[in-house]
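Student: I have a model open and would like to go through it with you. Could we start with the backbone and then move on to the packing?

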Amino acid sequence: MAIDLQVLAPEAIVLAFVLIVLLIHALSGKRSATLVGGLALLGVVLAGAASLYYWGDTAPTFQGMVAADGYGLFANLLFLLAAGLAILMGLEAVRRFDLPAEVFVLVLIATLGMMLLGSAVNLVAVFLALEILSISLYVLTASERDEWRSLEAGMKYFVLGGFASAFLLFGIAMIYGATGTFSLAEIGAQGASFAALKDAPLLAAGLVFVLVGFAFKVALVPFQMWTPDVYEGAPSLVTAFMSVGAKAAGFVALVRIMETAFPYWRTEWGWALAAIAVLTMSWGNMAALGQRSVKRMLAYSSIAHAGYIAIGLAVAGRAGYASVFFYLLCYTLMNVGAFAVILAMGRKGALNEDIDDYAGLIRRKPGLALAMALFLLALAGIPLTAGFLAKLYVFSAAVVGGYAWLAAIALINAVISAYYYLRVAGRMFFGEAPADASPVHVSAPLGVTLVLTALLTVALGVYPAPILNLIQAAIRPIVGF
């Protein structure tokens with residue numbers, strides 16, 4: 001069988017830079033952090049350029065396990081954006097928090113896992129890609145080796161992640177037992193002969209286990225309990241990358257699996273996901289209300305945002321999937337920007353994550369306070385920001401798809417979330433700065449990250465048309481028109 005090597009050209013570039021960065025780091029030692037980070041960033045940029053260059057639908061290759069269709073290539077751009085921003089932040093985080101330069105290598109490996117996950121059209125490839133991603137994130141979470149909370153978070157994430165992988169693998173085995181194939185397209189072709197879930201109990205049980213595995217990865221209720229502790233314990237750089245990259249990869253893979261392999265049960269899994277979305281939004285927002293740690297509050301809010309994204313998945317179809325992609329892109333920019341501010345506020349031994357540490361920030365560091373206010377307003381869904389349009393598209397898709405009640409519940413949740421976002425903004429603008437407040441320093445890499453995310457957050461909020469057109473083209477291989 002002929003193998004089209006161009007299909008995996010972006011992934012090959014990332015893999016090549018993993019090896020290059022490892023070699024350079026081994027030869028130059030600890031002083032190489034900036035060089036290693038710069039090379040990692042170059043690899044991300046080149047992989048993004050390759051994804052654009054090879055844009056176009058191709059037949060699956062590598063024994064039918066991966067496909068470089070527009071869907072996978074757009075997902076690549078999303079993952080590479082998250083990785084690029086994380087590496088930019090890492091150029092400062094490595095120095096400020098004494099992180100090992102190997103975090104850049106691990107970010108690249110995790111990105112490689114995400115890219116393979118977005119292109120996988122075979123359940124074996126899905127599992128392998130997910131494990132590449134997950135193992136990298138376990139190590140990244142524990143990368144602050146002299147901090148007990150980082151080590152504890154890494155161990156917790158590893159143990160619970162192992163359970164989730166077992167569920168996923170068990171589900172894949174059941175699906176194979178029912179259909180005799182790992183190919184998503186062939187599962188879809190065979191499964192169409194079953195009129196209802198009760199006609200194929202093994203296949204239905206496999207689908208449930210696969211959903212459980214992915215629900216853990218993207219932090220959907222009731223498999224979200226690990227999120228606050230892991231997000232809080234991991235270094236801010238890692239939390240930012242994990243909260244957007246892993247979530248995006250999980251949803252991208254889930255959309256392809258559900259739409260390609262199980263379209264005939266769309267009504268059943270649509271209602272199940274709608275119920276999960278309600279629980280996830282409500283639990284995440286209610287839990288975030290009482291948090292004093294800004295980082296922990298963003299961790300709970302990330303659960304709520306997973307619920308909003310799940311609405312698009314439940315609705316399915318062109319409008320639903322387009323809203324999922326747009327929300328993931330906007331959330332990447334808003335959340336990474338907010339974590340960049342948290343990173344700027346802290347230093348080793350004084351993380352400054354309590355809400356009182358942000359009091360009076362507008363008088364100490366006006367630019368940083370304005371940037372944080374923008375990201376918080378966007379996360380709350382205030383007009384003229386990307387977050388507003390992201391929520392608008394998801395809610396509109398729900399109404400058009402016959403889930404008006406779901407849109408109403410989501411709207412109530414959005415109002416609730418505004419309280420805890422605006423509470424932080426209020427402390428920054430109207431609070432009195434603590435007498436022993438630490439000086440806040442924004443380095444050049446952090447400044448670039450903040451400016452980029454802020455500009456794109458506003459740009460997507462006022463002129464989203466080009467991105468929406470690109471998303472419509474990207475989801476065509478999935479929805480078929």
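Student: In which loop is Ala219 found?
Tutor: This is a predicted model, and in it Ala219 is found in the loop between α8 and α9.

Student: What is the phi of Ala219?
Tutor: Its phi is near 65 degrees, a positive value in a residue other than glycine.

Student: Is Ala219 buried or exposed?
Tutor: Ala219 is buried, since its relative accessible area is 1% and buried means under 20%.

Student: Which peptide bond is cis, then?
Tutor: The bond from Val221 to Pro222 is cis, and its omega is near 10 degrees. Pro222 lies in the loop between α8, residues 201-218, and α9, residues 227-233. Ala219 is found in the loop between these two helices as well.

Student: And what about Ala316, what is its phi?
Tutor: Ala316 has a positive phi of about 60 degrees, although it is not a glycine. Its place is in the loop between α12, residues 294-315, and α13. Ala316 is buried, with a relative accessible area of 4%.

Student: Changing topic: how far apart are the end C-alpha atoms of α3?
Tutor: They are 39 Å apart. Helix α3 covers residues 70-96, and at 1.5 Å a residue its 27 residues should span 39 Å, so the two values agree.

Student: Where does α3 bend?
Tutor: It bends at Gly90, by about 35 degrees. Asp98, which follows α3, has a positive phi near 55 degrees.

Student: How many residues of α3 are buried?
Tutor: Of its 27 residues, 23 are buried, so α3 is largely enclosed by the rest of the structure.

Student: What about α11, how many residues does it have?
Tutor: Helix α11, residues 266-289, has 24 residues. From its first C-alpha to its last it reaches 34 Å, close to the 34 Å expected at 1.5 Å a residue.

Student: Which helices do the buried residues of α11 pack against?
Tutor: They pack against α8, α10 (236-261), α12, α13 and α17 (404-430). The buried residues of α11 include Trp269, Leu273, Val278, Met281 and Asn285.

Student: Now the core. Which residues touch the most other members of the largest nonpolar core?
Tutor: Met242, Phe251 and Phe262 do, in a core of 184 residues. The largest share of this core, 21 residues, comes from helix α13, residues 317-345.

Student: What does Phe262 touch?
Tutor: Leaving aside residues up to four places away in sequence, Phe262 touches Ile175, Ile187, Leu203, Leu207, Ile257 and Trp269. One of these, Trp269, is among the buried residues of α11.

Student: Stepping back, how many helices and strands does the chain have?
Tutor: The chain has 20 helices and zero strands. Buried residues make up 60% of its 481 residues.

Student: What radius of gyration does the chain have?
Tutor: The chain has 21 Å. A compact globule with 481 residues would be near 23 Å, and the two values agree. Along its principal axes the C-alpha trace spans about 70 × 55 × 40 Å.

Technical notes:
Residues are numbered from 1 along each chain as its sequence is written. This is a predicted model: local features need pLDDT of at least 70, side-chain atom pairs count only at pLDDT 80 or more; totals for chains, interfaces and linings use all residues. Side-chain values use heavy atoms; hydrogens and water are left out. Helices (H or I, at least four residues) and strands (E, at least two) are DSSP runs, numbered from the N terminus. The expected span of a helix is 1.5 Å times one less than its number of residues. The bend at a residue is the angle between axes fitted to the seven residues ending there and the seven starting there. Buried means under 20% relative accessible area, exposed over 50%, partly exposed in between (1.4 Å probe, protein chains only). A nonpolar core is a set of buried Ala, Val, Leu, Ile, Met, Phe, Trp, Tyr and Cys residues joined through side-chain atoms within 4.5 Å. Contact means heavy atoms within 4.5 Å. The radius of gyration is taken over C-alpha atoms; the globule rule is 2.2 Å times the number of residues to the power 0.38.
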